[in-house]
Amino acid sequence: MVILVTGGTGYIGSHTCLALLEAGFTVIVADNLCNSRAETLDRVMQITNKEIIFYEIDVTNAASVEQIFTDHRIEGVIHFAAYKAVGESVREPLKYYHNNINSTLVLAEACLKHEVRRFVLSSSATVYGENDVPFVESMKLQPTANPYGESKIISERILRDVANANSWFSVAILRYFNPVGAHVSGLIGEEPRGTPGNLMPYITQVAKGKIGKLSVFGGDYPTVDGTGVRDYIHVMDLAEGHVAAMNLLGEGIHTYNLGTGKGTSVLELISIFEEEVGIKVPFEIMERRPGDIAECYAEVSKAKEELYWNVKRDIRDMCRDAWRFESNL
Ligand code: NAD
Ligand code: WQD
């Protein structure tokens, strides 16, 4: 099957390209490199010994997207390309609405025109807002406090309406929890620009000595130890979830949580990382970060039952693999 992967040079996209190639798919990547590097694809090709066709284009540009659909008989689309920084989305909402929504519109239009039947959208646990944990796919989505989350809710809605109007069009909405870690080779991983906003890359950079210490945002949440609890998922397990969705997606629209179903607190993660890697991570407990919730973890039985997908890697693998990649940089 020939799959168009938008955002395929990015963090999750590059690991998914690797998993798709290993599963025998033909992969075409469209990315404008606004948050990634083309060399990442060389690494993926080196690991798999397979080819990727790369288009350096902006997927909000309908003419550029049309060119790909005319050049190749695309059979499925996985749409990762988006901006993803929550804080930046509050400061620059139009940038987020423009990129994240127009890209979905342009790709859905191309799929309808070229009769491409399978579409997978990267969505996020952020759409659940302040529902009670564990988050279940059927929950009513809450208006979120930030434009990034809202742009995902709107993209989900657009695809729902398109699928409802075209019975042959199958959509998987995949809501990721907290993707971390890297491919076991240490050749590809998460490379945030500037100071990381997310916990795991921050921890690895402190461990490497690039940053003095970690600020733990909040020590007074109603959780196991007062720090925020999240459902960390290994990026390769997440990548394999996309392969499962492409293989098993039924007609209509289907929404799946991709997480482990288990929560880990910030202090637990620091301590597991220290044990696995053998390096101390100095930290200080600070004020809560605005917009954070106490706990976020998934109910994952739907993806297990319908996609026959299950995670294979645990939190210790996530720490070791994240560190292997950081120490190779
Ligand atoms: P990333 O920034 O590493 O990858 C996104 C890629 O899309 C980048 O390579 C970027 O250059 C590209 N891109 C952005 N806009 C584009 C455009 N208009 N045209 C072409 N390319 C464009 O991010 P990621 O962490 O790999 O996230 C991938 C997807 O998963 C995003 O949709 C994100 O919202 C979603 N997601 C990420 C997380 C997370 O924690 N990383 C969690 C939930 C959901
Ligand atoms: C995890 C925990 C922090 C940094 C974000 C997005 C979400 C999704 C995934 C895209 C929290 C704490 C963090 C630090 C800390 N992305 N923390 N010190 O906020 O759960 O989710 O990424 O869809 O939309 O919001 O992830 O890694 O930032 O935080 O104490 O320096 O670590 O407070 O409890 P988050 P995170």
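This is a predicted model: local features need pLDDT of at least 70, side-chain atom pairs count only at pLDDT 80 or more; totals for chains, interfaces and linings use all residues.

Biologist: How many cavities of 30 Å³ or more does the structure hold?
Modeller: The count takes in cavities of 30 Å³ or more. The number of cavities is 2.

Biologist: Which elements give two or more residues to the lining of the largest cavity?
Modeller: The lining consists of Gly181, Ala182, Gly189, Glu190, Met200, Pro201, Thr204, Ala322, Phe325 and Glu326. The elements that give two or more of these residues are helix 7 (199–208) and helix 11 (315–328).

Biologist: How many residues in the lining of the largest cavity are charged?
Modeller: Glu190 and Glu326 are in this lining, and Glu counts as charged. By class, the lining has 5 nonpolar and 3 polar residues, and the number charged is 2.

Biologist: Which element supplies the largest share of the lining of the second largest cavity?
Modeller: At least two lining residues come from each of helix 5 (93–114), strand 5 (118–124) and helix 6 (147–165). Among the lining residues are Ser151, Lys152 and Ser155. The largest share is 3 residues, and it comes from helix 6.

Biologist: How many residues in the lining of the second largest cavity are polar?
Modeller: This lining includes His79, Asn100, Thr104 and Ser122. It has 4 nonpolar residues and 1 charged. The number of polar residues is 6.

How values were computed. Residues are numbered from 1 along each chain as its sequence is written. Chains are lettered from A and ligands numbered from 1 in the order in which they are written. Side-chain values use heavy atoms; hydrogens and water are left out. On a 1 Å grid over the protein atoms alone, a cavity is a set of points where a 1.4 Å probe fits but cannot get out, and a pocket is an open set with protein on both sides within 12 Å along at least five of seven lines; lining residues have an atom within 4 Å of a point. Grid points are joined across faces, edges and corners, and a volume is the space filled by probe spheres set on the points. Helices (H or I, at least four residues) and strands (E, at least two) are DSSP runs, numbered from the N terminus.
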